[in-house]
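Reader: Can you walk me through this one? Keep it short, please.
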There are 2 protein chains.
Amino acid sequence: MGRQVVNRKIFVSAKEVAHRAGVSRSAVSRTFTPGASVSEETRRRVVEAAEALGYHVNHLARGLMRNESGIVCLIVSELDTPYRASLIRALTRQLQSASKVAMLINTDRSDNSVDQALRQAISYRADASIILSGMPDKSITELCVKSGQRLVLINRDEQRDGALRINLHDREAARRAFIAFLRAGCRSFAFANSDVGTPSLMAREEGFRAAGREHGFEITIERYGPTRYQSGVVLAQRLLTREARPDAIFCANDLLACGLMDTARHQFRLTVPDDLCIIGFDDIEQSSWSSYNLTTFSQPVDRIAEEAVSWLAQPILSDENSCKLEAQLVWRGSVRGG
Amino acid sequence: MGRQVVNRKIFVSAKEVAHRAGVSRSAVSRTFTPGASVSEETRRRVVEAAEALGYHVNHLARGLMRNESGIVCLIVSELDTPYRASLIRALTRQLQSASKVAMLINTDRSDNSVDQALRQAISYRADASIILSGMPDKSITELCVKSGQRLVLINRDEQRDGALRINLHDREAARRAFIAFLRAGCRSFAFANSDVGTPSLMAREEGFRAAGREHGFEITIERYGPTRYQSGVVLAQRLLTREARPDAIFCANDLLACGLMDTARHQFRLTVPDDLCIIGFDDIEQSSWSSYNLTTFSQPVDRIAEEAVSWLAQPILSDENSCKLEAQLVWRGSVRGG
DNA sequence: GGAACCATTGCACACGCTTGCAAGAGCGTA
DNA sequence: TACGCTCTTGCAAGCGTGTGCAATGGTTCC
């Protein structure tokens with residue numbers, strides 16, 4: 001009947017375990033500290049007592065002492081996007097293998113929320129932060145680095161002292177996309193981009209345009225909205241109603257490509273790849289679905305996660321903090337003559 | 001040239017802020033504790049010093065003192081699945097609005113890893129854990145509850161004392177799916193399920209079969225693999241090669257439905273909805289893409305997240321810890337005569 | 001002017017843990 | 001027996017906070 005305030009948590013502490021096992025608190029602590037000096041007999045008794053009481057080392061207190069929380073913050077917006085989600089999955093896996101734990105911070109809200117997220121990371125004394133979306137203010141990243149917190153930037157191309165930058169060879173990939181179109185016999189090229197202007201997206205655009213120029217072709221460029229399916233729909237409507245309709249479209253992103261392809265087929269009655277060749281980027285799961293069967297570049301998410309986590313794990317910072325990975329071309333059916 | 005060990009973190013503490021502001025450490029603490037008694041003048045000086053030094057309250061230490069870490073664990077496997085990803089997105093949003101932070105634990109690995117995840121949650125003295133995948137052992141959930149940690153089970157139908165269970169009216173939804181098929185003129189019904197046997201999936205199967213029985217129809221049931229696209233492909237191959245080919249298939253899941261629909265169209269040359277009506281479940285983003293245009297039931301992810309977080313936030317546990325929400329039927333083009 | 005009250009502030013303890021240090025135990029050797 | 005060595009163990013300090021308690025100073029009221 002009583003209003004019971006449950007706020008009161010009552011976890012069992014090392015003291016209680018020590019009491020039950022008939023040893024000192026230090027012995028308990030050492031039992032759960034790899035490499036510490038404890039006799040086999042003591043360890044046995046401590047483990048038994050801990051088991052019986054349901055004891056778990058308090059990582060908050062341990063982090064306070066060791067000055068190492070084991071927490072790594074993942075800072076991301078729109079995390080339900082297929083590519084983002086699979087990257088998060090790979091990262092959490094790798095982090096857990098390295099005995100770290102991921103703290104997920106959603107920056108969907110406002111623009112400065114990446115800064116807020118980093119402050120959060122500092123408050124929890126995270127060992128590191130991995131930024132998948134947006135770009136924080138320079139002052140705050142400097143504070144992170146100065147405080148000894150590691151920083152990883154994935155597909156953010158900006159320079160930040162002391163941070164690890166992981167990027168893809170976007171320009172080279174774009175060049176290969178162009179060559180693929182050319183070999184397929186295409187003669188009118190377009191690039192479908194979002195208007196968010198992320199460096200990696202712009203690099204793809206630039207690389208594609210440059211490759212076109214080298215071969216004497218002018219590339220039609222259209223930009224609209226966020227990098228989502230619905231933007232692809234709009235981009236298709238803009239590109240496919242032009243007087244000189246492109247027969248090859250490189251999309252900044254698979255989501256754009258899906259929206260564009262659906263619209264090309266269902267609204268404009270075009271056949272892919274006969275009337276129109278399409279290449280995307282990311283190799284999200286949907287690209288392999290038979291409705292799309294999209295030729296695209298795969299992001300090596302496992303490699304990215306591996307690079308990030310192994311950099312975090314090493315005790316010594318190397319001088320070179322930039323890592324460029326290759327995006328592999330996945331041949332499917334949206335380009336003629338794969 | 002020196003091997004510089006960077007392990008050493010050097011965050012600024014309240015003591016330093018106090019020194020710079022010329023006040024006691026308590027004053028600093030009170031400045032950052034809502035509702036504490038500090039004069040306007042002191043607060044101003046403290047805030048200024050904190051700003052200058054880049055001070056952030058140590059949430060580890062605060063959590064230790066307050067016995068409330070602010071951490072909520074999300075325990076999930078296969079988080080790159082569209083439905084899971086959008087649920088996680090909604091949850092992180094809501095948690096952040098409630099000044100909590102999400103710790104993401106990936107349980108892809110082994111079977112007992114949900115138990116491991118909960119131990120992790122206990123170690124970090126999480127205020128609560130939200131379980132989206134799998135089911136932990138009873139002993140460990142009891143330990144959580146006994147320790148005063150909140151527990152939320154989403155779409156896990158098992159009873160656990162002290163935990164909040166959030167579920168959908170799966171059986172009722174399945175019944176409505178059957179009625180929709182019946183009204184569309186279908187006469188041969190099938191249910192396409194995965195073989196993982198999650199209670200909510202089984203409830204859909206059971207509800208669909210029961211509705212069929214009531215109307216004098218026997219339902220064909222096929223189960224295969226995980227709840228993913230590729231399983232839908234296999235299920236289509238099994239169901240559509242039967243002598244009595246179904247003209248209505250209710251899929252346990254949108255991913256299954258997408259795989260099944262693609263296969264029905266591209267491999268069996270069937271037209272949806274003329275030859276075959278399909279209904280899915282979850283309303284993932286892809287279902288609204290024009291290639292699928294799938295009639296399905298929407299999971300109210302925002303409502304789910306809201307329910308979960310508001311239950312965590314309230315200081316007093318109510319007696320009734322079960323919450324059933326309705327899945328809304330989203331009419332699209334995969335059933336005749338919507 | 002004195003009493004009563006209030007807001008503010010500093011002191012010191014507590015939270016649960018790790019770890020340096022010194023002491024104790026056990027043992028082999030001279 | 002005395003000595004030196006190794007392994008184990010307890011003590012106590014300290015990590016960065018929050019907060020009860022008492023002291024201080026200022027204001028109001030009689």
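**A strand, a helix and an interface**

Author: Phe297(A) is found in strand β10 of chain A, residues 295–298. Strands are DSSP runs of E, at least two residues, and helices are runs of H or I, at least four, numbered from the N terminus. This is a predicted model: local features need pLDDT of at least 70, side-chain atom pairs need 80 or more, and totals for chains, interfaces and linings use all residues. Residues are numbered from 1 along each chain, chains are lettered from A and ligands numbered from 1 as written, and side-chain values use heavy atoms, without hydrogens and water.

Reader: Is Phe297(A) buried or exposed?

Author: Phe297(A) is buried, because its relative accessibility is 0%. Buried means under 20% relative accessible area, exposed over 50%, partly exposed in between (1.4 Å probe, protein chains only).

Reader: New topic. Which residues of helix α4 of chain B are buried?

Author: In α4(B), residues 59–66, they are His59(B), Leu60(B) and Gly63(B). Seen down the helix axis, these buried residues fall within an arc of 105°, so they line one face of α4(B). The arc is taken from the directions from the axis to the C-beta atoms.

Reader: What covers them?

Author: The cover includes α4 (59–66) and α6 (113–123) of chain A. That rests on contact, meaning heavy atoms within 4.5 Å.

Reader: And how many salt bridges are there between chain A and chain B?

Author: The count is 10. A salt bridge puts a side-chain nitrogen of Lys or Arg within 4 Å of a carboxyl oxygen of Asp or Glu. One of them joins Arg89(B) and Asp80(A), at 3.1 Å, N to O.
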